[in-house]
Amino acid sequence: MNNLNMTVNLVRTVHPTFILSHIERQPENITMNYFCKLFIDYPQNIAQLASLIELFFKQKLDKQRYLDTTIFSLSLLKNKEFQPKSDDFLFFPIIIEVDLLNEQYHREYIEQIILLLNYLNTFNIQIIAACDFENELPQINRFRQPENKIKSS
């Protein structure tokens, strides 16, 4: 049996959580992608959300709704894929894109995103984060598959 067949057979027999735990680990020499997309379901207009973000950061967004700090950049955008009647977070009306500017500050960067998410949650704004480090963000801001409910007979 060649190595490829052995690997395929091994993968078929290994428990899925074992595979996931090994896929999620990254070798030390691989850098993490710190780009983060926040999908936002906000019933008000984007200008009102921009005001909330400006209050939080104590800094004005520019005309393109862009904010630059010493640690990260942030863009507030209308979602081009928005679909009004969709329940899928990918089609929420607003997106915030955040990107780390200096990896030296990655911990502070993640902490700022956590604080922003918690702040916006105080206004009951539904936000789903999509990023490589989403497991470090508050549970309420992570995509979760709907649980399969077993109906009792």
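Reader: Is cysteine 36 buried or exposed?

Author: Cysteine 36 is buried, with a relative accessible area of 0%. Buried means under 20% relative accessible area, exposed over 50%, and partly exposed in between, using a 1.4 Å probe and protein chains only. This is a predicted model, where local features need pLDDT of at least 70, side-chain atom pairs count only at pLDDT 80 or more, and totals for chains, interfaces and linings use all residues. Residues are numbered from 1 along each chain as its sequence is written, and side-chain values use heavy atoms, with hydrogens and water left out.

Reader: And cysteine 131, buried or exposed?

Author: Cysteine 131 is buried too, at a relative accessible area of 9%.

Reader: How many disulfides are there?

Author: The count is 0 disulfides, where a disulfide is a pair of cysteine sulfur atoms within 2.5 Å.

Reader: OK, new topic. How many helices and strands does the protein have?

Author: The protein has 4 helices and 5 strands. Both are DSSP runs numbered from the N terminus: helices are H or I with at least four residues, strands are E with at least two. Along the sequence the pattern reads α-α-β-α-β-β-β-α-β.

Reader: In what order do the strands sit in the sheet?

Author: The sheet is open, with its 5 strands in the order 2-3-4-1-5 and antiparallel pairing. Strand 2 (66–68) and strand 5 (126–131) are the edge strands, each pairing on one side only. Two strands pair if DSSP finds at least two bridges between them.

Reader: How many bridges do strand 3 and strand 4 have?

Author: Strand 3 (residues 72–78) and strand 4 (residues 94–100) pair over 7 bridges, in the antiparallel sense. In that pair, serine 75 stands opposite glutamate 97 of strand 4.

Reader: Which strands does helix 3 touch?

Author: Helix 3 (residues 46–57) packs on the sheet and touches strand 1 (36–41), strand 2, strand 3 and strand 4. Its direction makes about 165 degrees with that of strand 3. Such angles run from 0 to 180 degrees between N-to-C directions, with axes fitted to C-alpha atoms, for helices over the stretch in contact.

Reader: And helix 4, which strands does that touch?

Author: Helix 4 (residues 106–121) packs on the sheet as well, touching strand 1, strand 3, strand 4 and strand 5.

Reader: Back to single residues. What is leucine 74 in contact with?

Author: Leucine 74 is in strand 3 and is buried at 0% relative accessible area. Leaving aside neighbours within four places in sequence, its contacts include Ile53, Phe57, Ile96 and Leu116. Contact means heavy atoms within 4.5 Å.

Reader: Why does glutamate 54 count as buried?

Author: Its relative accessibility is 17%, so glutamate 54 counts as buried. This residue is in helix 3. A polar atom of its side chain lies 2.9 Å from the backbone nitrogen of leucine 61.

Reader: What pLDDT does the protein average?

Author: The protein averages a pLDDT of 75, and 69% of the residues score at least 70. pLDDT is the predictor's confidence in each residue, from 0 to 100.

Reader: Where is pLDDT under 50?

Author: One such stretch is residues 143–153, with 3 contacts beyond four places in sequence. Over residues 1–27 the pLDDT is below 50 as well. Where pLDDT is low, the predicted coordinates should not be read in detail.

Methods:
A polar contact is a pair of N or O atoms within 3.5 Å; within protein, one must be able to donate a hydrogen and the other to accept it, and residues adjacent in sequence count only if both atoms are side-chain atoms.
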